[in-house]
Amino acid sequence: MQKKNLFAVLLFAATAITFTACQKNLDSVIPSTSPVSSNSDLISEKGLNPDEQIFNLDQSSKLGPDGGYVYTESNDSLQNEILIFMQAPSGLLTPMGTVASGGTGTGAGLGSQGAVILDNTHKWLFAVNAGSNSISSFKVEADGSLMLAHTAASEGESPISLSVNANVLYVVNAGSDNIAGFYISAEGMLTYIDGSHQQLSTSGAGAAQVSFSPNGNYLYVTEKATNMITTFAVDGNGVASPGSSSPSVGATPFGFEFVRDQIMVVSNAAGGAPGAGSATAYSGVNSGNLSDINGAVANNEGAPCWVATSQYGRFVYITNTASNSISSYYIGTSGSLHLAVSAVGTGGGPIDIVVSDNNYYVYSLNSVDHTIGQYKRTPLGGLAWIGTQSNLPVAAAGLAAF
C-alpha cells in the first residue's frame, strides 16, 4: 500500500511539472524579435556557416525545392488520426486530409517530443496512440499520403515518444516508466524485441523523449520529474540493457536533438518558472558518456521545451511554451552553445517544432489557439512569420516533416 501511494505522489508531481512547464499558457505576452547582435561575427563564421549560406542564393534558387509534407496527430480520445499537410515552395501549408491510426489518443497534451516521427528514408511514419497504449506504422506514398501498415501494443502504458534506427523502433511509455523495442519488417509490421523492456530511473520519472544516438548504439530518455537523463546501451540485435541515469545540467530536461552527429542539445524547462529557461549542449553522445560543453545557457524565457535543428546543425530552434515564443541558439564549431535570438513571437502555447527538409522553413504547433505557425528562416538564427494554418484538433501533438 505504501509503494502504491508513493507512486501516486510521484505521478502527480510529474504531471504537475509537465502541465506547468510545457503545456498551455493563456496569459503570456507575445514578445518581439530580439537578435543578439554581439554574436553576429561568431554566428556567420566569416561567411562559412553552411546554414547561413542559403541566404546568399538568388531568389529563384531559394524557391527551387518542390516543397514537402508536414504531419501531426489529432490525439483524439475517440479516434486518433494523422493530419497531412502539403508544403508549397513558398513554405505555406495546405491540408491534404487525414488517416486513422488504429488507436486512440488522450484528448489532452502529451508533454513529449517525438509523438510522430519519420524514418531517415521518409518511407515510413510512426505515431503513438497514448490513449490505447499502442503505436502505429504508416507507409509514406510518393504524394505524401499515408497508408496504415500496423498497430501494435506499446508494451506499457501511455506511449508518448518514439525513435527509429534502421529497422529498430523504440518507444517510451510515460505511464509505466519504461522503454520497449520493436523490429520493423519490410511491410511495416512491428514485432516486440524480447528483452528490450527496461525501466526508467524511478516510478513517476516524467519521461519527455526517447531517441537513439546518431550511431544507434545508445538510447537517451529525458526525465522531467527527476532532472535526469537516462542512457541505455543497445546491442547489435536491438536489445537495450538496463539504463544508467545522470543529472542534467539544467532543471526539467525536456526535448532534445542531435547536431552534426556528435552533439546533443537539450532544452531545460526549469519547471516553467518565468524567465528561467535554458538549453545545454552535451558531447559524448556516441559513447554513452554525456558531458556538458558550456553549461546551461539561458534564454530568459518561460518553459523552453521542444527542439528542432537546421540541416547543417548550426542552429537549434526551441519553443518557449509559457512565454509564447521561439528562441534560436547557434552551435559553434567546437560544440559550444550561444543564444542567437531570444524570442520570436508565436501563437498561444507553442509546443512541437520542426524544420522543413529544404532547410528554409520552420513550423510550430500551437496548443492554445490550435494552429501551426509558419516561418521563414532568416540570417543569424532569425525567423520571419509567413502565415498560420488554423483549426487543428484541440489535443494535436507531434510534428514531422520532409
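Of the 402 residues of this protein, 55% count as buried, buried being under 20% relative accessible area, exposed over 50%, and partly exposed in between, with a 1.4 Å probe and protein chains only. What you see is a predicted model, in which local features need pLDDT of at least 70 and side-chain atom pairs count only at pLDDT 80 or more, while totals for chains, interfaces and linings use all residues. Residues are numbered from 1 along each chain as its sequence is written, and side-chain values use heavy atoms, with hydrogens and water left out.

The protein has four helices and 29 strands; these are DSSP runs numbered from the N terminus, helices being H or I of at least four residues and strands E of at least two. Take contacts, meaning heavy atoms within 4.5 Å. Among those between residues at least 6 apart in sequence, 53% join residues at least 24 apart.

Next, the aromatic rings. Across the whole structure there are nine aromatic pairs. Rings of Phe, Tyr and Trp (its six-membered ring) pair if their centres lie within 6.5 Å; planes under 30 degrees apart count as stacked, over 60 as edge-to-face, and the rest as tilted. Tyrosine 71 and phenylalanine 402 are stacked, because their ring centres are 6.4 Å apart and their planes at 10°. Tyrosine 71 is in strand β1 (residues 68-73) and phenylalanine 402 in the segment after β29 (397-401), so this pair ties together parts 331 residues apart in sequence. Tyrosine 71 is buried at 0% relative accessible area, and phenylalanine 402 counts as buried at 18%. Ring pairs link Tyr69, Tyr71 and Phe402 into a cluster.

Four strands make an open sheet in the order β17-β18-β19-β20, with antiparallel pairing; strands pair if DSSP finds at least two bridges between them. β17 (253-259) and β20 (291-298) are at the edges with a single partner strand each, so one side of each has no neighbour in the sheet. Between β17 and β18 (residues 263-268) there are five bridges, and glutamate 257 has valine 265 in β18 as its bridge partner.

Last, where is threonine 121 found? Threonine 121 sits in the loop between β4 (116-118) and β5 (124-129). With 49% relative accessibility, threonine 121 counts as partly exposed. Alanine 166 is 45 residues from threonine 121 in sequence and 9.3 Å away in space, C-alpha to C-alpha.
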